[in-house]
Each structure stands twice: as structure tokens, then as C-alpha cells.
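Here are my notes after going through the model you sent.

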Amino acid sequence: MEGYSVKIIDASFDLTARDKVRFKAFDDMYQLDTLVTPEEPLLIDVTGYVIAEVHNEKSDNKDYTKFIIVGKDGNNYITGSEPFWNQFRDVYSDMREEEGWQLKVYKRESKNYKGKQFLTCTVA
């Protein structure tokens, strides 16, 4: 697509050429923002993560970052939420060496924006 590009800038594991191509195809990933509801958190057995920079001439914000959580179930979960990512990084840095842990992804009410929720996470 002209005016659209994706560049992988970081990953928690070594990426093959096939991985790099696969992680640039967002349409095969689950959007955390729509998958998680305030009533229904999501549990993910995390194996790693990938960070991608996007340039999209047709978007209001032409340059943005996407964060991809890689699940043991073979699914990839994606979001652009930086507050979520900051929390995930803290959890992942403490838990990455542990066996058998799950990430609990959930939504909380925003203190700054009445009636809005935001994504966050913790260990299940």
C-alpha cells in the first residue's frame, strides 16, 4: 500500500525473516481494545512481544507505534495503548524468567476522562 509502511523496531526474541513479515500483518491479530471489556478480562500465556513503528499517510496521526503480545496459543494480540504498554513492560521484566504465568488484561475507569476506560494489565 502506497504511503503505508511498518518497521519492526524491537522484540523479546530473535526474529526470522518470516517472523518479520508475519508481525507486519496486523489484520491477523486480535485487537485488545475491542477484545477486552470492563466485565470480561483476558488471560494470555505470554511468550514474548514485538514492537512495530507504522507510517500511514492516510491516518490523522501519520506515525504511531503498535505493541504486539505473543501468546503461547499461537495468537498475537495488538494495541496502540502506551499506558498499557508501560504496565506490560513492568510485568514482563519481572516475570519473563518465570514458568507458567499469565497476563491478565483488563479495562479500568479513567480518572481523567469521565465515562472512558483504559487498558491495563497485571499477573493473573
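Predicted model: local features only at pLDDT ≥ 70, side-chain atom pairs only at ≥ 80, totals over all residues.

1. As general background, nonpolar side chains in soluble globular proteins tend to be buried together.

2. Leu-103 up close. Which residues touch Leu-103, once its neighbours within four places in sequence are left aside? Leu-42, Leu-43, Ile-44 and Val-46 are among them. Leu-103 is also in contact with Phe-84, Phe-88 and Val-91, and with Cys-121 and Thr-122.

3. The open sheet. Five strands make an open sheet with mixed pairing, and their order is β1-β4-β5-β6-β2. The edges are β1 (4-11) and β2, each of which pairs on one side only. Strands β1 and β4 are antiparallel and share 7 bridges; along this pairing, Ala-11 stands opposite Val-50 in β4. Helix α3 lies across β4, β5 and β6, and runs at about 150° to β4.

4. Strand β6 and its two partners. On one side, β6 pairs with β5 in the antiparallel sense over 4 bridges, and Ile-69 stands opposite Tyr-77 in β6. These two strands form a hairpin with 4 residues between them, and Gly-74 in the turn has a positive phi of about 90°. Strand β2 (residues 30-31) runs parallel to β6 and is joined to it by 2 bridges; here Tyr-30 has Tyr-77 as its bridge partner.

5. Side chains of β6. Which way do the residues of β6 (residues 76-79) point? Asn-76 and Ile-78 point one way, while Tyr-77 and Thr-79 point the other way, and all of them are buried.

6. Aromatic pairs. I was pleased to see how much there is to look at here, with a count of 10 aromatic pairs. The ring centres of Tyr-49 and Trp-85 are 5.3 Å apart and the planes are at 75°, so this pair is edge-to-face. Tyr-49 belongs to strand β4 and Trp-85 to helix α3, so the pair ties together parts that are 36 residues apart in sequence. Phe-67 and Trp-85 form a stacked pair, with 4.7 Å from centre to centre and 15° between the planes. That pair links distant parts of the chain too, since Phe-67 is in strand β5 and Trp-85 in helix α3, 18 residues apart.

7. The cut-off for buried is under 20% relative accessible area. Phe-67 has 6% relative accessibility, so it counts as buried, and Trp-85, at 3%, therefore counts as buried as well. Ring pairs join Tyr-49, Phe-67, Phe-84, Trp-85, Phe-88, Tyr-92 and Trp-101 into a cluster.

8. Charges over rings. The charged end of Arg-22 sits over the ring of Phe-23, at 4.6 Å from its centre. Lys-104 lies over the face of Tyr-106, 5.5 Å from the ring centre.

9. Asp-19, a buried charged-type side chain to check. Asp-19 is found in helix α1 (residues 17-22). Because its relative accessibility is 14%, Asp-19 counts as buried. Leaving aside neighbours within four places in sequence, Asp-19 is in contact with Phe-13 and Asp-14.

10. Pro-38. Where does Pro-38 sit? Its place is in the loop between α2 (32-35) and β3. Pro-38 counts as partly exposed because its relative accessibility is 43%. Beyond its neighbours within four places in sequence, Pro-38 is in contact with Lys-107 and Gln-117. Pro-38 and Phe-23 are 15 residues apart in sequence, and their C-alpha atoms are 28 Å apart in space.

Key: Residues numbered from 1 in each chain as written. Heavy atoms only, no water. Contact = heavy atoms within 4.5 Å. Buried < 20%, exposed > 50% of the residue type's maximum accessible area, 1.4 Å probe, protein only. Pairing = 2+ DSSP bridges. Axes fitted to C-alpha atoms, helices over the stretch in contact; angles between N-to-C directions. Phe/Tyr/Trp six-rings, centres within 6.5 Å; stacked < 30°, edge-to-face > 60°. Lys NZ or Arg CZ within 6 Å of the ring centre and 35° of its normal.
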